[in-house]
Amino acid sequence: MTTQANDDWWRDAVVYQVYPRSFADGDGDGTGDLQGVRGKLPYLRELGIDAIWLSPFYTSPLADGGYDVADYRDVDPRFGTLADFDAMAADAHALGIRVIVDLVPNHSSDQHVWFQQALAAAPGSPERERYMFRDGLGDNGELPPNDWESIFGGRAWTRVPDGQWYLHLFAPEQPDLNWENPEVRAEFREVLRFWLDRGVDGFRIDVAHGMIKAEGLPSVGRTSDDGGRQVEMLGSERLPYFDQDGVHDIYREWRPILDEYPGGRMAVAEAWVESPERLARYIGRDELHQAFNFDFMMADFDAASFRTIIDKSLAEADLVGAPTTWVLSNHDKFRHVTRYGDGSVGLRRARAATLLMLALPGSAYLYNGEELGLNEVLDLPDELREDPSFKRTGESRDGCRVPLPWGGTLDEGFRFNPDGQGTPWLPQPAKWETLTAQTQENDPESTLNFYRAALRLRRELPALGGGTVQWLDAPEGVLAFRRDPGVVVITNIADRPITLAELGLSGTPLLTSSPVPTPGTLPADTTLWLLA
């Protein structure tokens, strides 16, 4: 099977996020790599996804898990080579799987050749103009240029030996690029072409709302309540370093490049903005194709919360003229099994939320390992955590980045490397032995086979693509809606079982998120797809 010519493939695609360092290790050094991804492509094809999104695999010191890029046109040796990428992409396309890559344009690594040149150059030099260098305040420039704080905690400025300061909205190892500089814009247009020429089908734009800063870099004037970090939005007030109008000029330069290439090359924005109207500006025929909708991921496991966010998201989709995106877990947030209560309760709820999500119109983004029902690993030793946010605030994203368990035993690293060699770069919990892909393979009730069944039905049923949601009357704590033609979706989040008779429904069950002991009755924390 090969990828079919369908320029609108992204509108209802199921995209599987691969965090390469933690997905699969092809060479036995304990770090996931592109060889490992390539070896698992048949598994992903059987899972039923349409595309993979690769988190950064570029040359990087890994100060922020690869989101500190030292070379945008090469693969970090820990992850392989450009030849490995080409072979992986070719195999993916042969299996009908499209390839999306991360693009990190707001900032580079401090090891990028441009930043090293900037440090060696004088204030006011062309080399420094590629980044956000400024003189400090105070009698001797000893104070930072403004009061901006890093998303990872602490101030967003670091002073260099000659007295100037440079801006980093994230870690100090991630200096912000100056997107008012034509040289920066030209460089990234060529980076886009480099990867498009290698056959990538799309880009996920990291911090898509962040490249342009307000003129004059004005201070915010206040900090978060605990003094730790300025939040991305202060009420309805935009921060001077996010969602500035000038970012749209950048995307209007990028869209014609994407449109030059055949096959529906696309871009999806990671854009945190204050309103649906602001989000709408990122999407359209002259800018980006999609923007992530994180509200669903942030919802409580509660019928009213889900209903409110679904309605809001679908209304926003209408506003922007593009289908919404649904996501429950990613590399930056606790896995949803743990958010929903952990253990058997969390897993049951996670499966119910997943089946609800996959029935909604739009595209769905899955995070590697969620199809195994993995939980957040909360008890990692502090000395092994690498998240720069942990070092500054105590908050850590490492627990959702623990290497996946493919088979075997803990002593074998759960076959993170196929030969069971090498120690995974983060320790896996012993209780994952019952969650390995190998263990779940032949269990018809396993979470892995549940995901496979759901994705197969989503592909086969015309009702579960684009289209609309028609809400049905339901008791408190229950969500029920129709997807035409002929599919009804029911999610019971009430504190009791419900019967189909209560809803005035009958039909043939297609799939439930958990076993149903009594026909015609839906237990709590369960979703049902019904042919009706």
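In helix H10 (residues 303-320), the residues Ala 303, Ser 305, Phe 306, Ile 309, Ile 310, Ser 313, Leu 314, Glu 316, Ala 317 and Val 320 are buried, where buried means under 20% relative accessible area and exposed over 50%, with a 1.4 Å probe and protein chains only. Seen down the axis of H10, these buried residues fall within an arc of 160°, so they line one face of the helix, the arc being that of the directions from the helix axis to the C-beta atoms. The face turned away from this buried side carries the exposed residues Thr 308 and Asp 318.

The model is predicted, and its local features need pLDDT of at least 70, side-chain atom pairs pLDDT 80 or more, whereas totals for chains, interfaces and linings use all residues. Residues are numbered from 1 along each chain as its sequence is written, and side-chain values use heavy atoms, without hydrogens and water. The protein chain averages a pLDDT of 94, pLDDT being the predictor's confidence in each residue, from 0 to 100.

Helices (H or I, at least four residues) and strands (E, at least two) are DSSP runs, numbered from the N terminus. Five of the five residues of strand E15 (residues 363-367) are buried, so E15 is largely enclosed by the rest of the structure. Strand E1 (residues 14-18) runs parallel to E15 and is joined to it by four bridges, strands being paired if DSSP finds at least two bridges between them; in E15, Ala 364 is the bridge partner of Val 14. Strand E14 (residues 325-327) also pairs with E15 in the parallel sense, over three bridges, and Thr 325 stands opposite Ser 363.
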